[in-house]
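Reader: I would like a close look at one part of this protein. Please take me through its pockets, and then through the parts around them.

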Amino acid sequence: MKLLTDAKGRSYLVSEGKDLHCNWGVVKAQDIDKAKAGEIVESNKAMKFHVLNPDILDYIKKARRGPQAVTLKDMGLITAYAGIHSGSKVVEAGTGSGLLSMYLAHTINPGKLVTYELREDFRAIAIENFERFGFKNIESKLQNIYDGVDEKELDAIILDLPEPWDVIPHAQKALKVGGRIVSYSPSVNQVNKFSTALPEIFSQETFECIQRHWKPDTMRPDTQMIGHTGFLTVARKLE
C-alpha cells in the first residue's frame, strides 16, 4: 500500500496492484508499485504525486467510518495516560469503527488488543478496517463487557461506553496491580457517576483536551478549533 499526495495536499491510499483514478487522471499501478518513498509519479494528465509509505495516522484518516470516532488528540492522550507500550495487554470496549483500536494496537504491537463491541454492524466496519490495514494483533469480540471481562492481568482497559461505571467491578478483577482504566465520556454527568463509583483502591484524575492550531506566518491562532470532545478519567489500581 502506498500514499500519494498531490500539489494541493490531498492524499490517496492505493493498494498494491491498483490504479489511482482521480480528478487529475489515472496513475498506473505498475508506476505506483515500483516507486519508492520520496519519488514522484505522474498521471496521464501530467499531474505529479509524491509517493510515501503510509503510517498509522494515514490509516486512521482513510479508514471507513460508521459511528462517531474518538479524535486524534484524544487518542494520543488515552494512549499516553494508559501507560501502555510495546507488549502491553489491553482490553478496549466500544470498538465503533475501530479507529482507536488501530491506534492502540499499533502502540502495543506485538502485544495483543482485545476489543468488545455490542453492535454487529459496527463490528463489521471495524473488522473491515483491521483487515484492510493488516492488523494481526487485534481480537474483536461481539460481546457485552458489562457482563464481564474474560482477560486477566491486563495493563489497561479503555472504555468508550455510555455506562462505564458498570465495568468497574470487572475491571478491578481483570487489571494487574498498577494497571489503569481510561474512560472517555462526553458528559460531565457520566464522569461524576464513574468517578464516584471507583473504589478507594484506585487513584484517579479527570481532564479534557482542547486543540487549537496556530498560523506560523502571522503568529495568530486559527479562528476555529477542536473544542470539547470528551472527558478522560484515568484510574490506577493501587493494590
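Author: Keep in mind that this is a predicted model. Start with the lining of the largest pocket. Its residues divide into 16 nonpolar, eleven polar and four charged. In total, 31 residues line this pocket. Gln 68, Gly 94, Gly 96, Asp 160 and Leu 161 lie nearest its centre. Strand E7 (90–93), helix H4 (99–108) and strand E8 (113–117) each give two or more residues to the lining. The space inside comes to about 600 Å³.

Now move to the second largest pocket. Its volume is about 160 Å³. Among the residues that line it are Asp 55, Ile 56, Tyr 59, Ala 105 and His 106. The lining also includes Phe 133, Gly 134, Phe 135 and Lys 136. By type, the lining has five nonpolar, four polar and two charged residues. Helix H2 (56–62) and H4 each supply at least two of the lining residues.

The buried ones are Leu 99, Leu 100, Ser 101, Met 102, Tyr 103, Leu 104, Ala 105 and Ile 108. One of them, Ala 105, also lines the second largest pocket.

Next comes the largest nonpolar core. This core has 33 residues. Ile 78, Met 102, Phe 135 and Ile 158 have the most contacts inside it. H2, H3, H4, H5, strand E10 (154–159), strand E11 (175–185) and strand E15 (231–237) each supply at least two core residues. H4 gives the most, with seven residues.

Stacked means planes under 30 degrees apart. Tyr 59 is at 17%, so it counts as buried. Phe 133 is at 8%, so it is buried too.

Compare another aromatic pair, Tyr 81 and Phe 207. This one is tilted, with 4.6 Å centre to centre and 45 degrees between the planes. Tyr 81 lies in helix H3 (residues 72–82) and Phe 207 in strand E12 (residues 202–208), so the pair ties together parts that are 126 residues apart in sequence. Tyr 81 is partly exposed, with a relative accessible area of 35%. Phe 207 is buried, at 17%.

One more ring is worth a stop. The charged end of Arg 119 sits over the ring of Phe 122. The distance to the ring centre is 3.9 Å.

Finish with another arginine. Arg 10 is in the loop between strand E1 (2–5) and strand E2 (11–14). Arg 10 is partly exposed, at 36% relative accessible area. Phe 49 is 39 residues away along the chain, and the C-alpha atoms of Arg 10 and Phe 49 are separated by 9.7 Å.

How values were computed: Residues are numbered from 1 along each chain as its sequence is written. This is a predicted model: local features need pLDDT of at least 70, side-chain atom pairs count only at pLDDT 80 or more; totals for chains, interfaces and linings use all residues. Side-chain values use heavy atoms; hydrogens and water are left out. On a 1 Å grid over the protein atoms alone, a cavity is a set of points where a 1.4 Å probe fits but cannot get out, and a pocket is an open set with protein on both sides within 12 Å along at least five of seven lines; lining residues have an atom within 4 Å of a point. Grid points are joined across faces, edges and corners, and a volume is the space filled by probe spheres set on the points. Helices (H or I, at least four residues) and strands (E, at least two) are DSSP runs, numbered from the N terminus. Ala, Val, Leu, Ile, Met, Phe, Trp, Tyr, Cys and Pro count as nonpolar, Asp, Glu, Lys and Arg as charged, and the others, Gly among them, as polar. Buried means under 20% relative accessible area, exposed over 50%, partly exposed in between (1.4 Å probe, protein chains only). Rings of Phe, Tyr and Trp (its six-membered ring) pair if their centres lie within 6.5 Å; planes under 30 degrees apart count as stacked, over 60 as edge-to-face and the rest as tilted. A charge sits over a ring if NZ of Lys or CZ of Arg is within 6 Å of the ring centre and within 35 degrees of the ring normal. A nonpolar core is a set of buried Ala, Val, Leu, Ile, Met, Phe, Trp, Tyr and Cys residues joined through side-chain atoms within 4.5 Å.
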